[in-house]
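Please open the structure in your viewer and keep a selection tool at hand. The tour below moves from stop to stop, each time saying what to select and what is there.

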Amino acid sequence: MNKVEQWKQEKHPLDIIEDVYEYAADGLSFEEIEERAGDGEWERLKWAGMYAHGRQEGYFMLRTKVPGGYLTPEQAEVIGEVADEYATAPDEYGGKEQNDVWGDAFLDITTRQDVQMHWIKIEDMPDIWKAYDQVNLTTIQGCGDSARNVLGCPAAGLDEHECFDAQPVVEAVSDFFTENREYANLPRKFKMTITGCREDCAQSQINDVGLIPARRSVDGKEVYGFHARVGGGLSDGPRMASNLDVFVQPEDTVEFCRAVAQTFKELGDRNNRGVCRMRYLVQQMGPRKFEEAVRDRCDVDLLSRGQDLTRGYRGDHVGVHEQREEGLYYIGFNVIAGRMGGDELSEVARAAREYGTEGTSIRLATDQNFLITHIPEDNLTALLNEPFARKYEHDPGPFARGAVGCTGSEFCNYGIIETKKRVYRWARSLDRHVDVPDDLDVVRMHMSGCSASCAQPQIADIGFRGETVKIDDPEGTTNEEGDNIVEGMDFGLGGSLGPNNEFLDWVEHAVPARAVVPALQQLFDVFGDERTEAERFYEWTRRTSNARLRSIMQRADANVSGGVAHGD
């Protein structure tokens with residue numbers, strides 16, 4: 001077994017919860033925690049939803065699970081209050097001035113409908129958990145080798161584009177796996193998505209398990225249920241999920257997901273961490289053999305497939321939209337790179353209560369944006385005039401609308417480059433300076449600070465993967481060898497999900513960061529000239545050769561192709 005598996009054998013990862021209370025009560029430092037429990041404790045703390053900061057010893061990132069992205073106003077308010085009180089940088093790290101875009105006490109909406117906060121101290125965890133318990137929130141298994149937050153359509157129960165509301169199923173599956181010791185030690189993280197939406201808002205093609213709406217005759221009656229996809233994922237070995245020949249009835253969904261987890265638990269690789277995600281098992285066995293293994297372990301009889309009801313992929317819910325109920329609306333707000341103030345989320349909760357009906361809610365989306373639901377038409381103008389609504393626009397420019405960024409080097413152990421501020425500034429700049437066809441409402445631009453793909457760059461029109469880049473610039477040298485080492489990135493084009501799903505091509509490698517925006521400007525100048533009717537940017541890049549795309553990028557007055565990955 002690899003080292004992580006050994007650490008999990010030494011102590012069950014869920015036992016860390018009681019340890020956190022103990023460490024908090026004793027006021028232990030990082031050094032004292034490691035002396036008491038060994039270096040495996042940093043891995044086990046992930047089951048509490050806690051990642052040690054990469055560059056600021058003594059502090060954690062805390063991940064809050066939000067199944068299906070659904071929050072009541074009370075839950076959203078508590079999350080905002082926790083961020084405002086506890087996610088604060090000490091003076092030695094800049095205090096309220098730590099970040100020149102967002103300041104302090106901010107939170108991040110993630111691509112998995114979670115909420116992440118930074119600067120959390122272990123001594124504050126009991127109070128945070130107490131506040132969360134009062135509104136049924138949890139951080140347990142927000143991280144670690146177990147079932148992660150279960151994704152769903154953020155507009156579940158609201159929109160005509162869904163066949164049925166799958167949010168109750170999302171919550172049932174989440175409840176089954178949370179704090180379930182039997183399935184809290186899997187070979188690797190286990191990601192599920194469940195939706196009744198026809199437009200696959202929850203990204204079934206890139207998850208370990210993706211359940212999408214279907215219809216079938218059962219005992220002479222037409223019933224709704226799910227078709228299943230398995231083995232999708234990104235990172236260094238991206239793979240689109242494979243269809244299984246199964247029809248899962250809603251009441252059998254928990255058991256089906258348990259059987260898949262059992263299959264992964266028994267047959268997954270526990271030796272090489274680089275190839276132990278479930279997609280490698282599906283690839284190795286083949287979808288048919290994997291399905292047989294799941295059927296063998298499932299305590300309900302699984303029917304064969306029926307009629308698939310998915311018709312496309314909807315990447316966001318930004319804008320004002322009618323709900324099924326006459327006179328009610330939901331509004332999708334654009335949060336560039338997913339970051340906002342804790343006090344702002346509390347204001348969102350206050351506004352939802354003030355302007356919405358009793359059914360109002362806040363929904364988090366996989367594009368790092370949020371929705372407010374159940375707003376009567378007469379209240380729309382007042383809501384849209386709220387300060388947060390003017391800041392997080394419901395009608396943003398195409399680059400802002402499609403901008404996604406991971407945590408990056410600011411806090412992450414794996415981050416090679418800074419991402420959040422860069423994505424924010426680039427999106428704003430591109431919307432001001434690049435002419436985009438009027439009918440092109442979104443350009444998906446995703447930036448990951450490393451190869452782990454937390455920002456999902458492979459499925460974007462434009463994807464970036466962080467690198468340190470060596471360029472030939474003696475005057476700007478940064479070391480004794482005369483090298484100039486700068487932040488840069490691999491530059492990819494042409495990704496998307498849906499019926500035309502493809503991962504992007506990495507068209508150019510080791511592009512210095514300062515050369516990226518000029519290269520994009522060149523690409524969009526040519527795209528505007530050559531675009532066919534209603535053509536998306538990713539479609540144009542696919543019909544244009546990579547060699548020509550590179551040549552267009554190189555027209556920029558910038559060092560687009562003059563760098564090499566540092567260490568090569």
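This is a predicted model: local features need pLDDT of at least 70, side-chain atom pairs count only at pLDDT 80 or more; totals for chains, interfaces and linings use all residues.

Residues are numbered from 1 along each chain as its sequence is written, and side-chain values use heavy atoms, with hydrogens and water left out.

**The open sheet**

Begin by selecting β3, β14, β15, β12 and β11, which in this order form an open sheet of five strands with antiparallel pairing. Zoom in on β3 and β14 (residues 362-364), which are joined in the antiparallel sense by two bridges, and find L71, whose bridge partner in β14 is I362.

**Strand β5 and its partners**

Next select β5 (residues 115-120), where six of its six residues are buried, meaning under 20% relative accessible area, with exposed meaning over 50% and partly exposed in between (1.4 Å probe, protein chains only). Strand β2 (residues 60-64) pairs with β5 in the antiparallel sense over four bridges, and F60 stands opposite I120 in β5. Strand β4 (residues 106-109) also pairs with β5 in the antiparallel sense, over three bridges, with Q116 in β5 as the bridge partner of D108. The hairpin of β4 and β5 has five residues between the strands, and there Q113 takes a positive phi near 60 degrees.

**A pair of helices**

Now show α5 (residues 73-86) together with α6 (residues 125-133), which pack at an angle of about 165 degrees with their axes 10 Å apart. That makes α5 roughly antiparallel to α6, since angles under 35 degrees count as roughly parallel, over 145 as roughly antiparallel, 65 to 115 as roughly perpendicular and the rest as oblique. To see where they meet, display V78, I79, V82 and Y86 in α5 against D127, I128, A131 and Y132 in α6, where contact means heavy atoms within 4.5 Å.

**Two single residues**

Which loop holds R444? Select R444 and you will find this residue between α15 (420-433) and β17 (445-448), buried with a relative accessible area of 15%. Its side chain makes a polar contact with the side chain of D316 (3.3 Å); such a contact is a pair of N or O atoms within 3.5 Å, where within protein one must be able to donate a hydrogen and the other to accept it, and residues adjacent in sequence count only if both atoms are side-chain atoms.

Finish at A37 in helix α3 (residues 30-37), which is partly exposed, with a relative accessible area of 23%. Leaving aside neighbours within four places in sequence, A37 is in contact with Y23 and R44.

How values were computed. Two strands pair if DSSP finds at least two bridges between them. Axes are lines fitted to C-alpha atoms, for helices over the stretch in contact, and angles run from 0 to 180 degrees between N-to-C directions.
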